[in-house]
Structures are given as structure tokens and as C-alpha cells.
Amino acid sequence: MIPKLELHLHLEGAAPPALIRDLAARRHIDISGIFDERGRYKFTDFAGFLAVYEAATSVLQSPEDYARLTRAVLEDSADQGVVYAETFLSPDFCGGGDLSAWRDYLAAIEEAAAQCAAQGGPELRGILTCVRHFGPERAKRAALCAAETAGRFVTGFGMGGDETVGAQKDYAWSFDCAREAGLGLTTHAGEWRGPQEIRDALQDLGVTRIGHGVRAIEDLALVDELAERGITLEVCPGSNIALGLYPDLRHHPISELDRRGVKVTISTDDPPFFHTSLTREYEGLHAAFDWDEGQFMRLGHTALDAAFCDTDTKARIL
Ligand code: HPA
Ligand code: ZN
């Protein structure tokens, strides 16, 4: 199996529906409305996706729940041949933005990850994220949690949530705080808004990676700038197709961005929500663009270069 790296994976977004259903039943929380008749997450658009995501996340209520989630996600990743993954972790969901609660959640997640790695599973790192539609004040609390817990495991800071709310610059304080703590920076941009949002992310937040970023293709001057500056895009083709951004892989810009010299990488975003896995992404890209093992290894090295972990860890990965 080709060794795979994944830079863009939301931990709650990778939760197997069965795990969420089990926790909901134990806690007597009725979230049956978020599942279809086959037991899969059900939504029709991005706003609906975020609502279902937050409903599913509401049943994860303790550090032990997150330890269990981490183990389940890493077992799936190991099955896909993943050797290294970075996952988005949100202090808003883990303890409501409270630093002391966050430390407890983090300890549980980190311990679960260390156990999985010791058993030959993927090496995991955390990118703390603020949630854009929760607003800049809550983002500051997330950034403070990130700055206080930055280290070997927490290596990055980012922003997810609804890209159509507010502006990237509203979150500049949080990104400055995280940068000063030595964290790598990434933000979702150029998925639900166009190229200007990517320009704003680069200028106002100083990120070196962009979550998605695929709509850069609508502005070829920006594509050239991304290539020249070596900005890495965390591309999630299956997510983009599931949410209706592109009709199918053949119309997806990943291949064109790569051809134009942009550093692209391959991730799943929220795999069970989008009925995907890293293996399925690779199979689809092989079928659509005839990408071979050499190409996938090249993109694996691109991901490794852009990873937020320390250089000693990088030297052990591929
Ligand atoms: N996109 C944006 N925000 C998110 C996502 C996503 O896929 N998953 C969780 N928060
Ligand atoms: Zn995402």
C-alpha cells in the first residue's frame, strides 16, 4: 500500500456514525434526525452539513469520549495506509473554550494518539482551530488555548467553520497569538468564497497553508503567486464534490493546480460525512487523471514538507 499523509482532517468530522449513535443512546440524546435510513449522516448543503456536524459533536462530552474517537479515527487511518496525519481540534467543542478543560481533553487525545502510534499506527499531530461562525471573541480563547498548549503534539492553529461569515482579518489577533507561540498556520479559504478570500488569508493571517484553496483556479495570477510563494493547498476533492462545488473529479481543479506548479496535497476533510476515505480519494484521482504511484509519492513528500511537525519527526515518516 502507498504510504499516505493527510493534513486536513477534522477529528469530529471523522467520527464513525456508529460511535456517535452509541454515545447518543448512552446519554439519551435524540439526534436520530441527522441520519438517513442507512444510518449515514444526512444533509443537503454546506449549512446543513455544519448543523449536522455540530449535532453529532454534541454527544462527545468528555475527554474519554475524545480518546475513544481518536482511537477509532486512527484505526481507520491505519487501514488506509496513513503514516502521518494532522487533525483539527477545537477547544470550543472540547470544554467550551476553557483552558483547564481543554488541557484535560488534550491529554486524553494525546495519550490515545501515542498508544496508536506505539502499535504501529499513524503519527498524529493537532491543529487547534477556531470556528469562524462562532466569531472573533471565541476565536481568541481558542488561540490562547493553542498558545498555552503548543508543543510536540499541538503544532498548528487554524480556522474552520462557515467561510461566508465575516472576514479573515477579523481573526488576525488570534493568528498573531498562535504565530508568536511558534505554531504553523492554516485557514479554510477559497472553498465557499472566491480568490479574494485566499488573498485575504495570506495577507491578513500570514498562513503558509490554505484549507481547500481550490477556487484560486478562478484567478490565474493568484495561482502563479501561490506557486511562487510555495503555499500548500490542503485539497479535499471528495468533500468538494459531496458538497456540490464541482460535479465530479474530472471538473475538479486539483490536477490543473498541480500542473501550474501549486503545491497540492490530498485529504478527506470529514470522511464519513462525505462517504470517502483516503484510499477512495487516491483511487478516484488515479481514475480521473491517471495519477500513478510516483505522482502520489511526490504529493506525499509535498505534504511532509508542509507538515507542522518537527524535523526529527519528518525524518522518520517517509
Ligand atoms: N469545513 C469547514 N469547517 C468545518 C468542516 C469543514 O469541512 N468540518 C468541520 N468544520
Ligand atoms: Zn475542512
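**Around the ligand and through the helices**

Ligand 1 sits among His10, Gly13, Tyr53, Gly160, Gly161, His188, Ser239, Asp269 and Asp270, where a residue counts as near if its C-beta atom, placed from the backbone, lies within 6 Å of the molecule. This is a predicted model, in which local features need pLDDT of at least 70, side-chain atom pairs count only at pLDDT 80 or more, and totals for chains, interfaces and linings use all residues. Residues are numbered from 1 along each chain as its sequence is written, while chains are lettered from A and ligands numbered from 1 in the order in which they are written. Sorted by class, the shell around ligand 1 holds 1 nonpolar, 6 polar and 2 charged residues. Here Ala, Val, Leu, Ile, Met, Phe, Trp, Tyr, Cys and Pro are the nonpolar ones, Asp, Glu, Lys and Arg the charged ones, and the others, Gly among them, polar.

One member of that shell, Asp269, belongs to the loop between strand 8 and helix 11. Helices (H or I, at least four residues) and strands (E, at least two) are DSSP runs numbered from the N terminus. Aspartate 269 is not a glycine, yet its phi is positive, at about 75°. It is also buried, with 29 other C-beta atoms within 10 Å. The label "buried" takes 20 or more other C-beta atoms within 10 Å of a residue's own, "exposed" takes 12 or fewer, and "partly exposed" covers the values in between, with C-beta atoms placed from the backbone.

Next comes helix 11, which runs over residues 278–289. Its 12 residues reach 16 Å from the first C-alpha to the last, close to the 16 Å expected at 1.5 Å a residue; the expected span is 1.5 Å times one less than the number of residues. Which residues of helix 11 are buried? They are Leu278, Glu281, Tyr282, Gly284 and Leu285. Seen down the axis of helix 11, these buried residues fall within an arc of 165°, so they line one face of the helix; the arc is that of the directions from the helix axis to the C-beta atoms. An α-helix has 3.6 residues a turn, so residues three or four places apart point the same way. Glu283 and Ala287 are exposed on the other side of helix 11. The cover over the buried residues includes strand 1 (4–10), strand 2 (82–89), helix 9 (237–242), strand 8 (263–266) and helix 12 (293–306), going by contacts, meaning C-beta atoms, placed from the backbone, within 7 Å. Just after helix 11, aspartate 290 has a positive phi of about 60°.

Helix 12 has 14 residues and spans 20 Å between its first and last C-alpha, close to the 20 Å expected. Its buried residues are Leu299, Gly300, Thr302, Ala303, Leu304 and Ala306. They pack against strand 1, strand 6, strand 7 (232–235), strand 8 and helix 13 (311–317).

With 25 C-beta neighbours inside 10 Å, histidine 212 counts as buried. Arginine 215 lies in the loop between strand 6 (209–212) and helix 8 (220–229). This arginine is buried too, with 21 other C-beta atoms within 10 Å. Not counting residues up to four places away in sequence, arginine 215 touches Gly190, Glu191, Gly194 and Pro195. Between arginine 215 and leucine 245, 30 residues apart in sequence, the C-alpha to C-alpha separation is 9.5 Å.

Helix 3 covers residues 63–79, and its 17 residues reach 24 Å from first C-alpha to last, close to the 24 Å expected. Pro63, Asp65, Tyr66, Leu69, Thr70, Val73, Leu74 and Ser77 are buried in it. Viewed down the axis of helix 3, they fall within an arc of 160°, so they line one face of the helix. What covers them includes helix 1 (17–27), strand 2, helix 4 and strand 3 (123–131). Glycine 81, with a positive phi near 80°, follows helix 3.

Leaving aside neighbours within four places in sequence, alanine 146 contacts Leu128, Val154, Phe157, Ala178, Ala181 and Leu183.

Key
Contact = placed C-beta atoms within 7 Å.
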